[in-house]
Amino acid sequence: MMKKSISASKASLVLFLCQMISALDVPLDSKLLEELSQPPTITQQSPKDYIVDPRENIVIQCEAKGKPPPSFSWTRNGTHFDIDKDAQVTMKPNSGTLVINIMNGGKAEAYEGVYQCTARNERGAAISNNIVIRPSRSPLWTKEKLEPNHVREGDSLVLHCRPPVGLPPPIIFWMDNAFQRLPQSERVSQGLNGDLYFSNVQPEDTREDYICYARFNHTQTIQQKQPISVKVFSMDSLNDTIAANLSDTDIYGAKPVTERQPILLTPTGSTSTKVELRGNVLLLECIAAGLPTPVIRWIKEGGELPANRTFFENFKKTLKIIDVSEADSGNYKCIARNILGSAHHVISVTVKAAPYWITAPRNLVLSPGEDGTLICRANGNPKPNISWLANGVPIAIAPEDPSRKVDGDTIIFSHVQERSSAVYQCNASNEYGYLLANAFVNVLAEPPRILTPANKLYQVIADSPALLDCAYFGSPKPEIEWFKGVKGSILRGDEYVFHDNGTLEIPVAQKDSTGTYTCVARNELGKIQNEVRLEVKDPTMIIKQPEYKVIQRYGQVSFECIIKHDFTLLPTVIWLKDNDELPDDERFLVGKDNLTIMNVTDKDDGTYTCIVNTTLDSVSASAVLTVVARPNPPFDLELTGQLERSVELSWIPGDENNSPITNFVIEYEDGLHEPGVWHYQTEVPGTQTTVQLKLSPYVNYSFRVIAVNEIGRSQPSEPSEQYLTKSANPDENPSNVQGIGSEPDNLVITWESLKGFQSNGPGLQYKVSWRQKDVDDEWTSVIVANVSKYIVSGTPTFVPYEIKVQALNDLGYAPEPSEVIGHSGEDLPMVAPGNVQVHVINSTLAKVHWDPVPLKSVRGHLQGYKVYYWKVQSLSRRSRRHVEKKILTFRGNKTFGMLPGLEPFSSYKLNVRVVNGKGEGPASPDKVFKTPEGVPSSPSFLKITNPTLDSLTLEWGSPTHPNGVLTSYILKFQPINNTHELGPLVEIRIPANESSLILKNLNYSTRYKFYFNAQTSVGSGSQITEEAVTIMDEAMASRQVDIATQGWFIGLMCAVALLILILLIVCFIRRNKGGKYPVKEKEDAHADPEIQPMKEDDGTFGEYSDAEDHKPLKKGSRTPSDRTVKKEDSDDSLVDYGEGVNGQFNEDGSFIGQYSGKKEKEPAEGNESSEAPSPVNAMNSFV
């Protein structure tokens, strides 16, 4: 029961929503549209109210499209218009536009009427609006006799225009005979009806050429009314006229100009009504008379004037509201007011509405058997009436269609067929107008078509959506399926999105999404497919972005923008400044991956953006450039609150240039004492712009301010005004007062003079006073000029004095100064220190003692003692040399000191002297002392010569500094094996008088390391080291050479070489076949005992490798398999110790060339010979 209660309107709504889902959308594909059948559609038509120029041909437009192309016909005033019967009327080819020839004899008035165009083809007929044709009219003014207007000053006046009725209505304006517009104001203005209103007339309104003009735009003509004359009589002139015409006994006199309260000239009465249509402009007008001229004000009763749509014109006499709607209906009150009162008028506004669309009917494309709806909904005031037509005929009398049902503003189609195709017209009308809309129903049966081009290439960036188009059409609507690859399965799942328009969306395309995709469209009439290709590219990235930069003015800055992109895409890099192009300035240098700005200025400050574009993506990065500089100087310095000892200074800071001001420095100039010289006064924080300054008397001050930021100091500001302070007594006395004698009989008193501004007044002088301390003497004083020194003569030597210096000027003395102690001049000391004693601590250090001298004998300030000492001779060599005295100074009243850096086993002398400010006193008697023995220095050299099979000759030099009596030499040596390991250490003691030694019973062909030092009775000195090698046994060498020359040995070597060659060939062949030949394993399993290295205890010439140049050969390591000794493996060859020869010997077996010993810790030299290894060394490897 509840299902049956659903209303018909709700059922229609549900059915409509269902049909909208199933209706076909025809793609806007030009080729498809050319092939599909389509009912006519009106594309262009003339306006409903068409006012034409009667002098021009009349063109009534009607254009339409359709498939097949439509034919056109016209009606005039509701009946068929046969254009073939009127020679003045033609229709444009392939068009419905009519051309009525007026210029060749036709009259426009004859063609007035209502025209309607019909466009028709086999699928229906569309109709145009009713087009009302009216020729424009611009009639002349009727002739009339205009009387002059005589008006009393202050009265109101209306000059009527009353233009002829034209089509369309003319535009009205007032001018004079010179074609100059008449000036308008709050007092004089033109109304909406064209009349000229005077709220009150003035004498200057008198003129005879008030002319109203009417301009007819369609005909481009202007008509003028006859001039109107206005004569304004003032009260004074009117009284004079009356007096001239009346006798003296008559009472006469016009009333003077009187002020009047406002009255409305238009509209009249207290109320009126106004009807306006929705969407139009509402114009309401109030013009009032009165003296003084009234002011107009507008209000809306019970509401506000609409914001943004309300305007006031004509000096607020006209209220203008644009785009009015029903909400603007209401009562609008205008109020005219002057000082005497007010008047008002209420206009009741009603907003009506011609029909307007809520839902205009839309074309409907359906497949056979589908359902659909056409909806036509309009609104208006009053509510419009809806009527339907089919192919231009009222639907009630149109041929019946069983699939069609009309339900008010909706037509419902059910199970349509191709014969259901038609054009339907909806007409919505009320008393203010009508709306007409065409909408066709096109029933199509079409097999599927794919409109996307075949093999279209799509390129996207990885991780972004990929949209593959498959634009299609078919009726019934085809089903769409997508496949990937040639034999791929149908695409399904959450990783794909299938859109209703056939588009396949891959929300997040990856590299493996690249490939060929096939779109298949099918309906009951057929099937079609299309392939497209997708390429997924690497995204463009900025891997080095520009960074925030702070740069000083006139510096250079560079922004980096290093990118990474897909190699198949060509990027372009664009730099912007503040989202605009870079300035056209040669200072901006754009490189491959950077932007450089030379000679930076303030205008370069801003945001710089690097934009990288490819055909597929775009990335950008920005950085801010802040240009900083020293601040601009402060300005507008002002002095206020001037007092005798203070003043307040204020200023305005200059531009800080992007670097905050940290402080202000205030400087002053004393124009009285030091003009042009600026001195530091004080400084304040950068947030402060005023400061209270302390002042000194008798100074002509000027101030300037310097701003400081992190970049530096600004230029100084302009100086402030000058301020001269009054004179006063000095506030302070000279500083740094001293009394020091320059000669034994004087006292030099010095002080630091006061600076100019410290004088506090003119006539600066000093009062210098002195007296001997601890003696009951009076002060001796003298007044001197502005100097800084005074000399007192005839004083005893080095006597203390009390001294004071006081400043004074013309106004008086400074405060009493403090006293200082000084001394008269010094003289050289008279007495030498006594009881000088020396205590030798060790062979290089001694301590000296002395008794102090009496203070009176110093005759000055005791500064200390000086010890003079010098070496007389070395006790070990007994040889004298140049004496170089050394001096040690001991400050203060010390009585001992240490003497370092002495040489052992030497004889020294010394004396001691006292020192004061004048110089040194006499020397004490020379004191002799001796240093004990010490350990000697290293021997001056160690040389090893004449190497033999079992001996070496050592030669050496005595120590440069024996530091005592040498008792012996100590020699230690030990052998070094091939792995740099040291053998047992042997020690030999050698008498001190020896300088050479032959070491015998050594191993042949063995390296030895020697350690050599000297000894005294105190101990051993530092040692010197060397290395040397004994030579090889000649018999063994000759035997090896003989073996190397034997035939059997040569044959063996050849066999070994041939075997190695065969093995190499086999390895090469097996390697090419993918096999591996275990050479090393076979060599390890069948090692030839003849090629094993000889052990160290065999007595052979083993191999030695320097630890810093080569890794040592480990014991038991094998020689190369080709049985040759490589160059780098023979570092121990005797060639290393020769002069570039290959181990040659003299007849006695000695090594040719002098052997040069090697220092300890120096790396052993490697084999640097470029010669091939000798046969002797080769034999050593096999024996």
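The legends below describe close-up views of a predicted model. Residues are numbered from 1 along each chain as its sequence is written, and side-chain values use heavy atoms, with hydrogens and water left out. In this predicted model, local features need pLDDT of at least 70 and side-chain atom pairs count only at pLDDT 80 or more, while totals for chains, interfaces and linings use all residues.

**View 1. The stacked rings of Y701 and F703.** Rings of Phe, Tyr and Trp (its six-membered ring) are paired if their centres lie within 6.5 Å, and planes under 30 degrees apart count as stacked, over 60 as edge-to-face and the rest as tilted. By this rule there are 21 aromatic pairs. In one of them the centres of Y701 and F703 are 5.4 Å apart and the planes meet at 5°, so the pair counts as stacked. Both Y701 and F703 are buried, where buried means under 20% relative accessible area, exposed over 50% and partly exposed in between (1.4 Å probe, protein chains only).

**View 2. The tilted pair of W956 and F1012.** These two rings lie 4.7 Å apart, centre to centre, with 45° between their planes. W956 belongs to strand β80 (residues 952–959) and F1012 to strand β84 (residues 1007–1016), so the pair ties together parts that are 56 residues apart in sequence; strands (E, at least two residues) and helices (H or I, at least four) are DSSP runs, numbered from the N terminus. W956 is buried at a relative accessible area of 4%, and F1012 is buried at 0%.

**View 3. The salt bridge between R449 and E35.** A salt bridge is a side-chain nitrogen of Lys or Arg within 4 Å of a carboxyl oxygen of Asp or Glu, and the whole structure holds 40 of them. Here the closest N and O atoms of R449 and E35 are 2.1 Å apart. R449 is in strand β38 (residues 446–450) and E35 in helix α2 (residues 30–35), so this pair ties together parts that are 414 residues apart in sequence. E35, with 41% relative accessibility, counts as partly exposed, and a network of salt bridges links E35, E446 and R449.

**View 4. The salt bridge between E112 and R137.** The closest N and O atoms of this pair are 3.1 Å apart. E112 is partly exposed, with a relative accessible area of 26%, and R137 is also partly exposed, with a value of 39%.
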